[in-house]
Amino acid sequence: MYAKVILTKHSKAIDMAFTYKVPEQLYNKLIVGQKVIVPFGMGSNLTEAFVVEITNATEQKRLKKIHQIVHGFYLTENQVAMIKWMK
């Protein structure tokens, strides 16, 4: 299982969705709109992101894993649709 996420605190130069592998222990817990912590960049610095899509397939071979879910903060379906449109 894979998730496409939008980073929350990075520049417009990387204004795109990134694909991460979902660890098995998060399979039944992760939902679209949820805030997560992901490793990003060469140093794999942990940063916040929002899940905008969950899929079972990807063509990418080497993916980092979602580090954890941030519980208690979710985007609505409409907010996720607006983020995708803005991207």
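Modeller: Start with the pair itself. Lys-35 forms a salt bridge with Glu-48, and their closest N and O atoms are 3.6 Å apart. The term salt bridge means a side-chain nitrogen of Lys or Arg within 4 Å of a carboxyl oxygen of Asp or Glu. Side chains of opposite charge can pair when their charged atoms come close.

The two partners sit in separate strands. Lys-35 is in strand β3 (residues 34-40) and Glu-48 in strand β4 (residues 45-55), so the pair links distant parts of the chain, 13 residues apart. Strands (E, at least two residues) and helices (H or I, at least four) are DSSP runs, numbered from the N terminus. The structure holds one salt bridge.

A word on the model. It is predicted, so local features need pLDDT of at least 70 and side-chain atom pairs count only at pLDDT 80 or more, while totals for chains, interfaces and linings use all residues. Residues are numbered from 1 along each chain as its sequence is written, and side-chain values use heavy atoms, with hydrogens and water left out.

How covered are the partners? Lys-35 counts as buried because its relative accessibility is 13%. Glu-48 counts as partly exposed, at 25%. The cut-offs are these: buried is under 20% relative accessible area, exposed is over 50%, and partly exposed lies in between (1.4 Å probe, protein chains only).

Now look around Lys-35. Leaving aside neighbours within four places in sequence, Lys-35 is in contact with Glu-48, Ala-49, Phe-50, Ile-69, Val-70 and Phe-73. Contact means heavy atoms within 4.5 Å. Of these, Phe-50 in β4 stands opposite Lys-35.

That pairing belongs to a wider one. Strands β3 and β4 run antiparallel, joined by six bridges. Two strands pair if DSSP finds at least two bridges between them. β3 and β4 form a hairpin with four residues between them. In the turn, Gly-41 has a positive phi of about 85°.

Asn-45 is exposed, with a relative accessible area of 54%. Leaving aside neighbours within four places in sequence, Asn-45 is in contact with Val-38, Pro-39 and Phe-40.

Strand β4 has another partner. Six bridges join β4 to strand β1 (residues 2-7), and these two run antiparallel. There, Tyr-2 stands opposite Thr-55 in β4.

Go back to β3 for Gln-34. Gln-34 lies in strand β3. Gln-34 counts as buried because its relative accessibility is 2%. Not counting residues up to four places away in sequence, Gln-34 touches Lys-29, Ala-49, Phe-50, Val-51, Ile-69, Phe-73 and Tyr-74. A polar atom of the Gln-34 side chain lies 3.0 Å from the backbone nitrogen of Ile-31.

One more strand comes in here. His-71 lies in strand β5 (residues 68-74). The C-alpha atoms of His-71 and Gln-34 are separated by 7.9 Å, though the residues are 37 apart along the chain. His-71 counts as exposed, at 59% relative accessibility, whereas Gln-34 is buried.

Finish at helix α1 (residues 77-86), where Met-82 is found. Met-82 is partly exposed, with a relative accessible area of 48%.

Definitions and conventions. A polar contact is a pair of N or O atoms within 3.5 Å; within protein, one must be able to donate a hydrogen and the other to accept it, and residues adjacent in sequence count only if both atoms are side-chain atoms.
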